[in-house]
Amino acid sequence: MQTLTPHVYWAQRHADIYLRVELSDAKDLEICVQNNTLQFKAQGHGAKGDHDYEFSLDFLEPVKPEVSHRSTQRLVNVTVRKQEQRWWDRLTLQERKPLFLAPDFDRWLDESDAEMELQAKEEEKINKVSIESRIRKDPYLGLKKGYLFMYNLVQFLGFSWIFVNMTVRLFILGQDSFYDTFHTIADMMYFCQMMAVAEVMNPLVGLVKTGVFPAMIQVVGRNVILFVIFGSLEEMQNKAVVFFVFYLWSTIEIFRYPFYMLACIDTDWKLLTWLRYSIWMPLYPLGVLAEAIAVIQSLPIFDETRLYSIPLPTVLGSSFSFSFTLKIYLALMFLGLFINFRHLFRQRRRRMRSRKRKNN
Ligand SMILES: CCCCCCCCCCCCC[C@@H](O)CC(=O)SCCNC(=O)CCNC(=O)[C@H](O)C(C)(C)COP(=O)(O)OP(=O)(O)OC[C@H]1O[C@@H](n2cnc3c(N)ncnc32)[C@H](O)[C@@H]1OP(=O)(O)O
């Protein structure tokens with residue numbers, strides 16, 4: 001039988017050379033690398049029909065002696081590993097390309113595309129390792145996510161009940177609904193705000209990756225208003241300010257808690273994420289303003305009733321009024337507003353940046 005040369009197509013990556021030999025039903029394959037030269041011999045059906053086909057290639061740079069190959073009905077794929085991972089200017093030592101050799105455009109990449117492919121593979125590998133190690137490191141991950149999901153669900157239901165109840169009452173009763181908000185809503189608000197103490201505990205025990213201090217400002221700030229100002233002064237309970245404070249609190253929470261619920265199941269709804277990280281901008285200052293009005297309205301009542309006043313020895317006066325503490329607290333509220341506004345702004349920027357990165 002006459003010995004002929006098959007058509008050979010090639011492509012490269014930083015670590016490998018790929019050869020596609022156009023030979024169908026190839027048998028008696030002999031493929032090896034000796035002295036940096038690939039020797040290929042096989043019998044099969046090529047351009048000139050059934051024959052023995054062979055070729056050899058002197059590589060431009062050193063390759064590893066092991067060769068892997070896989071033959072299909074239509075062709076033989078040969079992979080040769082480069083000794084050093086780097087891009088070659090051409091395949092063969094001789095500058096003139098052998099006539100039987102051509103680029104494999106199905107696998108062809110230029111150097112920068114191959115670099116990007118390599119980078120993507122590396123990133124995929126790193127992600128896989130980090131996911132695997134996270135799963136391996138934390139056997140309670142499912143339990144933690146389950147707890148957080150349930151916590152957020154309960155809070156979402158609580159605040160939704162408050163929000164819907166207040167909205168319906170506003171539509172039916174108009175401004176009259178302002179004055180008995182406390183009596184209809186307070187029990188549920190007590191429940192939700194007592195539960196919210198978990199929001200300080202969660203980052204403390206490492207359940208969520210966020211600062212303890214902003215959560216503490218938020219929870220302490222609201223609970224002072226709810227339990228000390230509204231809860232202990234009956235005179236405050238039928239004031240319109242209760243409506244505004246409760247309405248502003250619940251408006252953010254009906255978006256924040258479902259956002260967290262979705263985060264627990266690794267889901268992200270664009271609109272919800274945008275709302276969670278945007279509507280605090282008008283709501284937070286308005287909330288602090290409403291809370292400050294409540295504190296200011298309570299000052300004369302504390303002075304009158306002497307509630308929580310500390311009796312002093314007669315030389316120092318009769319007693320230390322709680323309203324003095326509240327005046328200091330008023331200043332702290334605006335400091336708290338500044339700290340949390342900055343915190344929320346950073347969270348928003350971080351979140352939007354990571355979203356942009358994901359989209360690119
Ligand atoms: C030391 C005591 C000082 C006392 C000083 C008193 C000063 C008083 C100042 C009072 C000011 C308070 C005013 C306030 O009451 C007014 C209002 O509320 S008005 C209504 C508008 N309000 C808001 O918009 C604020 C809402 N609240 C919050 O956003 C949070 O409470 C806050 C702590 C401010 C910020 O939340 P966080 O730090 O957790 O940020 P993120 O939401 O971005 O979360 C970070 C990552 O953690 C994950 N996470 C957090 N919580 C959960 C959860 N429950 N379940 C699951 N996952 C959670 C979240 O997914 C983020 O993960 P990733 O980074 O992967 O995205």
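**Entry 1: strand β5 and its partners**

I began at Leu38, whose bridge partner in β6 is Leu57. The model I am reading is a predicted one. Strand β6 covers residues 49-58, and I found ten bridges joining β5 to this strand, with the two running antiparallel. The hairpin that links β5 to β6 passes through two residues.

I then turned to the other partner of β5. Strand β4 (residues 24-34) is joined to β5 by seven bridges, again in the antiparallel sense. On this side, Val33 stands opposite Leu38 in β5. The hairpin of β4 and β5 has two residues between the strands, and in this hairpin Asn35 takes a positive phi near 50 degrees.

Next I looked up the side chains of β5. Which residues of this strand point to the buried face? I noted Leu38, Phe40, Ala42, Gly44 and Gly46 on one face, where they are buried.

**Entry 2: the open sheet**

I looked up a sheet of five strands and recorded the order β7-β8-β3-β2-β9. The sheet is open, and its pairing is mixed. At the edges lie β7 (63-71) and β9 (101-103), each of which pairs on one side only. From one strand to the next, the twist averages 25 degrees.

Within this sheet I examined β2 and β3. Strand β2 spans residues 8-12 and strand β3 spans residues 16-21; five bridges pair the two in the antiparallel sense. Gln12 has Ile17 of β3 as its bridge partner.

**Entry 3: the nonpolar cores**

I next recorded the largest nonpolar core, which holds 27 residues. The members that touch the most others are Ile229, Phe230, Val242, Val245, Phe246 and Ala294. The helices α2, α3 (181-195), α5, α7 and α9 each supply at least two residues of this core. Which helix gives the largest share of this core? I found that α7 does, with nine residues.

I took Val245 as an example. With neighbours within four places in sequence left aside, Val245 is in contact with Ile225, Ala290, Glu291 and Ala294.

Leu38 was already in my notes as the partner of Leu57. In soluble globular proteins, nonpolar side chains tend to be buried together.

**Entry 4: the ligand**

How many residues surround the ligand? I recorded 34, of which Gly221, Tyr260, Trp280, Gly287 and Gly336 are the closest. By type, the shell divides into 21 nonpolar, nine polar and four charged residues.

I then asked which helices build the shell. At least two residues each come from α2 (141-173), α5 (212-230), α7 (240-264), α9 (280-305) and α10 (322-359). The largest share, eight residues, comes from α5.

**Entry 5: the chain as a whole**

The chain has ten helices and eleven strands. It comprises 360 residues, of which 22% count as buried. I also looked up the contacts between residues at least 6 apart in sequence: 65% of these join residues at least 24 apart.

How values were computed: Residues numbered from 1 in each chain as written. Predicted model: local features only at pLDDT ≥ 70, side-chain atom pairs only at ≥ 80, totals over all residues. Near = placed C-beta within 6 Å. Helix = DSSP H or I, 4+ residues; strand = E, 2+ residues; numbered from the N terminus. Nonpolar A, V, L, I, M, F, W, Y, C, P; charged D, E, K, R; others polar. Core = buried A, V, L, I, M, F, W, Y, C linked by C-beta atoms within 7 Å. Buried ≥ 20, exposed ≤ 12 C-beta atoms within 10 Å, placed from the backbone. Contact = placed C-beta atoms within 7 Å. Pairing = 2+ DSSP bridges. Axes fitted to C-alpha atoms, helices over the stretch in contact; angles between N-to-C directions.
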